[in-house]
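Work through the exercises below with the sequence and the coordinates at hand. Each task is followed by a worked solution.

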Amino acid sequence: MGLEIDNLWRIEIFGHEFWITETIVNTWFIMLFLIIVAIIARIKLRKFKEVPSGFQNAIEAVIEIFENFVKSTVGEKLSYIAPWFFMVFMLLLWSALFSIFGLRPPTADWATTFAMAFVSLVLMFYMGFKHRKGDYLKEFFEPHYIFFPMNLIGELAKPVSLSFRLFGNMLSGTIIITLYYALTPMLVQVGIPSILHAFFDVIIGALQTYIFVILSLMYVKTAAE
Amino acid sequence: MQDPLAFVIAIAHIAAAIALLNGITTTFGQAKIASQALESMARQPEAADSIRTTMFVGLALSETSGIYGLLIAIIMLFANPLVTILLNYLG
């Protein structure tokens with residue numbers, strides 16, 4: 001783990017150079033893990049019973065808690081966007097937990113967090129058009145059409161602040177843990193860093209993931225209502 | 001001034017330190033949010049859940065300025081554009 005994002009190898013497609021960085025490879029690992037869990041859940045879904053137990057119990061509890069959370073935030077009418085945000089929540093949470101294994105978390109790269117926040121912006125525009133049509137466009141020209149550039153900048157600043165918040169938190173944790181590993185002798189590098197990992201990865205990571213999801217849901221709600 | 005590069009790097013480090021000073025005001029704002037939320041939770045324990053959710057969102061929103069300062073400090077230290085411009089200028 002270091003401060004720089006390492007470039008593992010480069011490929012050329014039609015004359016353009018693409019860099020396969022550490023972030024991309026770590027994201028692939030997380031995607032592989034989540035896809036395997038999803039496939040196992042899908043296979044076990046056929047054998048699900050009326051009265052849940054064991055694995056089924058855990059899956060149903062997680063899904064139900066998240067659906068209730070989305071319903072209490074955006075209301076009954078818009079709660080059909082819950083599966084998308086469940087995916088975002090799981091991906092960001094496992095990205096934060098990934099650095100427990102001593103690897104660089106993908107969210108400590110601005111590209112990952114900005115991609116997620118940009119999708120939230122697109123979803124916000126789409127939900128606004130879908131649910132309010134012309135009213136949503138009219139809101140950009142309130143209270144007067146001179147204010148259109150300011151309103152537009154205000155909307156476009158949302159994904160930037162959303163992504164910088166998550167990125168800054170994860171990067172600061174990464175820097176502090178890297179400094180600890182670099183500056184201390186080998187003797188104290190076993191066991192004691194687990195406190196740092198517990199605070200900066202588990203607590204801060206889970207809290208910032210929750211905040212990312214709830215702020216995205218609030219942006220979608222204000223656009224669609 | 002013997003070495004312009006050393007001067008620019010020293011100024012960049014001082015600028016990074018100044019950018020981190022906004023942690024003072026950010027912490028005061030967050031402390032106010034937390035104390036107000038605690039007070040309302042003590043007054044109305046039945047509304048504690050919704051107050052907690054709002055408190056976390058408010059804490060995150062007021063944390064944004066602190067994070068901006070941190071990112072500016074990191075850019076000043078590790079990816080400073082001025083040093084690159086100066087190196088190009090000096091040749």
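Helices, of at least four residues, and strands, of at least two, are DSSP runs numbered from the N terminus. The model is predicted.

**Exercise 1.** State how many helices and strands chain A has, and give their pattern along the sequence.

Solution. Step 1: the count for chain A is 7 helices and 2 strands. Step 2: in sequence order, the pattern of chain A reads β-β-α-α-α-α-α-α-α. Step 3: for the extent of the chain, a box along the principal axes that holds the C-alpha atoms of chain A is roughly 65 × 55 × 40 Å.

**Exercise 2.** Describe how the axes of helices H4 and H6 of chain A cross, and sort the residues of their contact by class.

Solution. Step 1: H4 of chain A spans residues 110-132, and H6 of chain A spans residues 148-183. Step 2: their axes come within 8 Å and cross at roughly 145°. Step 3: the crossing of H4(A) and H6(A) is right-handed. Step 4: H4(A) contributes residues including Trp110(A), Phe114(A), Phe118(A) and Met124(A), while residues from H6(A) include Glu155(A), Lys158(A), Pro159(A) and Phe167(A). Step 5: by class, the contact of H4(A) with H6(A) has 13 nonpolar, 3 polar and 2 charged residues.

**Exercise 3.** Characterise the interface of chain B and chain A by its residues, its buried area and its polar contacts.

Solution. Step 1: chain A supplies 17 residues to the contact and chain B supplies 13 residues. Step 2: about 1200 Å² is buried between the two chains, with 79% of it on carbon and sulfur atoms. Step 3: the side of chain B that touches chain A consists of 10 nonpolar, 2 polar and 1 charged residues. Step 4: a search for salt bridges across the interface of chain B and chain A returns 0. Step 5: polar contact is found for 3 residue pairs between chain B and chain A, both residues being at pLDDT 80 or more.

Conventions. Residues are numbered from 1 along each chain as its sequence is written. Chains are lettered from A and ligands numbered from 1 in the order in which they are written. This is a predicted model: local features need pLDDT of at least 70, side-chain atom pairs count only at pLDDT 80 or more; totals for chains, interfaces and linings use all residues. Side-chain values use heavy atoms; hydrogens and water are left out. Contact means heavy atoms within 4.5 Å. Buried area is the accessible area (1.4 Å probe) that two parts lose on being put together, summed over both. A salt bridge is a side-chain nitrogen of Lys or Arg within 4 Å of a carboxyl oxygen of Asp or Glu. A polar contact is a pair of N or O atoms within 3.5 Å; within protein, one must be able to donate a hydrogen and the other to accept it, and residues adjacent in sequence count only if both atoms are side-chain atoms. Ala, Val, Leu, Ile, Met, Phe, Trp, Tyr, Cys and Pro count as nonpolar, Asp, Glu, Lys and Arg as charged, and the others, Gly among them, as polar. Axes are lines fitted to C-alpha atoms, for helices over the stretch in contact, and angles run from 0 to 180 degrees between N-to-C directions. A crossing is left-handed if the near helix is turned anticlockwise from the far one by less than a right angle, and right-handed if clockwise.
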